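Here are some notes to read alongside the model. Please keep the sequence and the 3D view open while going through the points.

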Amino acid sequence: SQVAEPLPSDSDLFSTTELKLERTKSGYVYEPFTVVGSDGREVIFEEPPDRIVVIDSSVLEILFAMGEGSRVVGTHSYASYPPQVVNISKVGDAFDINIEDVVVLKPDLVFVFSPTFLEQLKSVGIKVLYIQSLGDNFINIVDNMRMWGRIVGNPISAEAMAVDFENRLKSIEDKLSHKIGGTSIFQDEGGLWSPGSGTLMNEVFNLLKLHNIAFDISGYGQLSPEVIVDRNPQIIIASYGDTISANPVFKELSAVKNARVYVPNSDALSVAGPRFIEGIEEMAEWVYPGLFE
């Protein structure tokens, strides 16, 4: 029989942090602190949780990136990255959590981004931290990294990861400082759904000095083919595969005629975690060929 290849270590999977992340050094003294959740309730951490159920891809990736993936004993059904999650128990998703499955895992912390099952989880005596999905500010991503570094007692790796993210953002800003921008863009998330104002993706567009043709949508919304044709995007990001280029309705679009319909190499821009900066860098290279080589 074949012997399976050993999986790489947690931090090796996340090339976003070129710095070598370290686990907490021996002798580090854990500093208790309090996190105020999105429900206004205080969650006190007097020691790092050893068994965490994470119903959020961003936090899941953050924990693995800082080398703390071994603390995760359960996660949501759609988790796909890093590869180790295939071996982690699945307990449903934010809107369909199996409470009994969670209890069996004996977690000392459950993290959720939706309040749907908040009270049920608390009613069975489980410590729960609820923080709603990140909004439209990059700073929320690095704040999240630093917060989880404190929660699990590994602020060294968390800080390295956060600083790396910040430095790479600053590098993009610096390279674009002389650019006027204004190129129009449409991101198809499937079925012509697209991010509008109040989303992290709209902030990415602003960072890259792009004009989002879904400017009049709040959050995520579906654009009609007529609106897309009328607004004629110069660049299209087809997040989950290009269904636009071969569609006769869109044959006259600038992005189609000039072969500027791009399909990302990964789902990095779908998860507000350590890999998000990779997605931004990839998009920057498409928008400004040669500038970021």
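**Notes on the predicted model**

1. Lys106 is exposed in this predicted model, its relative accessible area being 64%. The residue sits in the loop that runs between helix H2 (99-104) and strand S6 (109-112).

2. Tyr81 and Pro82 are joined by a cis peptide bond, with omega about 0 degrees. Pro82 belongs to the loop between strand S4 (72-75) and strand S5 (89-90).

3. Helix H1 (residues 57-65) packs with helix H4 (residues 138-151) at an angle of about 60 degrees, and the axes are 10 Å apart. The two helices are therefore oblique to each other. Their crossing is right-handed. H1 contributes Val59, Ile62 and Leu63 to the contact, while H4 contributes Asn144, Met145 and Trp148. Five of these residues are nonpolar, one is polar and none is charged.

4. The largest nonpolar core has 59 residues; Leu129, Trp148, Phe276, Ile280 and Met283 touch the most other members. Apart from its neighbours within four places in sequence, Ile280 is in contact with Phe138, Leu169, Ile172, Val204, Leu207, Leu208 and Leu269. There is a second, separate core of 17 residues, with Val53, Val73, Ile99 and Val102 among them.

How values were computed. Residues are numbered from 1 along each chain as its sequence is written. This is a predicted model: local features need pLDDT of at least 70, side-chain atom pairs count only at pLDDT 80 or more; totals for chains, interfaces and linings use all residues. Side-chain values use heavy atoms; hydrogens and water are left out. Axes are lines fitted to C-alpha atoms, for helices over the stretch in contact, and angles run from 0 to 180 degrees between N-to-C directions. Helices (H or I, at least four residues) and strands (E, at least two) are DSSP runs, numbered from the N terminus. Angles under 35 degrees count as roughly parallel, over 145 as roughly antiparallel, 65 to 115 as roughly perpendicular and the rest as oblique. A crossing is left-handed if the near helix is turned anticlockwise from the far one by less than a right angle, and right-handed if clockwise. Contact means heavy atoms within 4.5 Å. Ala, Val, Leu, Ile, Met, Phe, Trp, Tyr, Cys and Pro count as nonpolar, Asp, Glu, Lys and Arg as charged, and the others, Gly among them, as polar. A nonpolar core is a set of buried Ala, Val, Leu, Ile, Met, Phe, Trp, Tyr and Cys residues joined through side-chain atoms within 4.5 Å. Buried means under 20% relative accessible area, exposed over 50%, partly exposed in between (1.4 Å probe, protein chains only).
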